[in-house]
Amino acid sequence: MRQRLGAVCWMLTITYFLVQPVVAAAWDPAYSFLDNTISDLGNARCLPTTESWRPGTFLCSPRHVLMNATFVLVGLCTTVGAPATRRYWPPQRLAGAGLALVAVSGVGAMLVGLAPGDVNMPVHLIGAGLQFPGAIGPLLIGLATPRERRRERAFSLAMGVVGMAGCALFATGLHLGLGVGGTERLGFDPLTVWTAVLGAVIWHAGRRAR
């Protein structure tokens, strides 16, 4: 029962991708998935920014409440799903460490939603910073996954490598033509892709076992 709960929680993280276009559609001027950050979707006020890298840029997200609620929901589901699915993974410390990092990332997402960047930047930055260790989680879990489960292992390793590479590029400001938003997504989004897919895998595994 607990494992099924974890699987459902992780499958629900797909809402992160479903809600973003809905929130972005309300922007005027238009939101750019490459040039705007993910956090811009949750800005609570319509004001020019004071950020040093884009001073005076006007940001307005009319559906910010929906986006911030989604951040909190996805973060909660990510965190709850990590310990709930523990028995599905090998009893190695490596897998446990990976799940702990995934859970930490979920806590960060909740902080991002509860503290929009234009309302409480210090707390928001802490939440965003917790996404970086979260990117390592799938890699550690992939290394701990038995080779017999080669698809899960390969997918976890791939998401971990892509996420870590994206985080490194985002942190160093090397956008490689993807823009700040594109690079940020390359770093942070693989974890959510991983939880949504593995949630479905764990759910179906539980049904087969029954």
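1. In which helix is the place of valine 19? Valine 19 belongs to helix α2, where helices are DSSP runs of H or I with at least four residues and strands are DSSP runs of E with at least two, both numbered from the N terminus. This is a predicted model, in which local features need pLDDT of at least 70 and side-chain atom pairs count only at pLDDT 80 or more, whereas totals for chains, interfaces and linings use all residues. Residues are numbered from 1 along each chain as its sequence is written, and side-chain values use heavy atoms, with hydrogens and water left out.

2. Valine 19 is buried, at a relative accessible area of 13%, where buried means under 20%, exposed over 50% and partly exposed in between, for a 1.4 Å probe and protein chains only. Once its neighbours within four places in sequence are set aside, valine 19 is in contact with Leu66, Met67 and Thr70, contact being heavy atoms within 4.5 Å. Between valine 19 and glutamate 51 there are 32 residues in sequence and 26 Å in space, taken from C-alpha to C-alpha.

3. As to the overall build, the chain has 8 helices and 2 strands, and from the N terminus on its elements follow the order α-α-β-β-α-α-α-α-α-α. The radius of gyration is 17 Å, close to the 17 Å that the globule rule gives for 210 residues, so the chain is as compact as a globular protein of that length; the radius is taken over C-alpha atoms, and the rule is 2.2 Å times the number of residues to the power 0.38. Along the principal axes, the C-alpha atoms fill a box of roughly 55 × 30 × 25 Å.

4. Buried residues make up 49% of the 210 residues, and of the contacts between residues at least 6 apart in sequence, 67% join residues at least 24 apart. The accessible surface of the chain, from the Shrake-Rupley method with a 1.4 Å probe, comes to about 10100 Å², and 69% of this belongs to carbon and sulfur atoms.

5. The cysteines deserve a separate point. There is 1 disulfide by the rule used, which asks for a pair of cysteine sulfur atoms within 2.5 Å. Cysteine 46 and cysteine 60 form this link, with their sulfur atoms 1.9 Å apart. The pair links distant parts of the chain, 14 residues apart, with cysteine 46 in the loop between α2 (15–24) and β1 (47–48) and cysteine 60 in the loop between β2 (58–59) and α3 (64–84). The link is right-handed, with 45° about the S-S bond. Cysteine 46 is partly exposed, with a relative accessible area of 39%, while cysteine 60 is buried, at 14%.

6. The peptide bond from aspartate 28 to proline 29 is cis, with omega near 10°, and proline 29 lies in the loop between α2 and β1. Leucine 176 has a positive phi of about 50° although it is not a glycine; leucine 176 lies in the loop between α7 (150–172) and α8 (179–209) and is exposed, with a relative accessible area of 66%.
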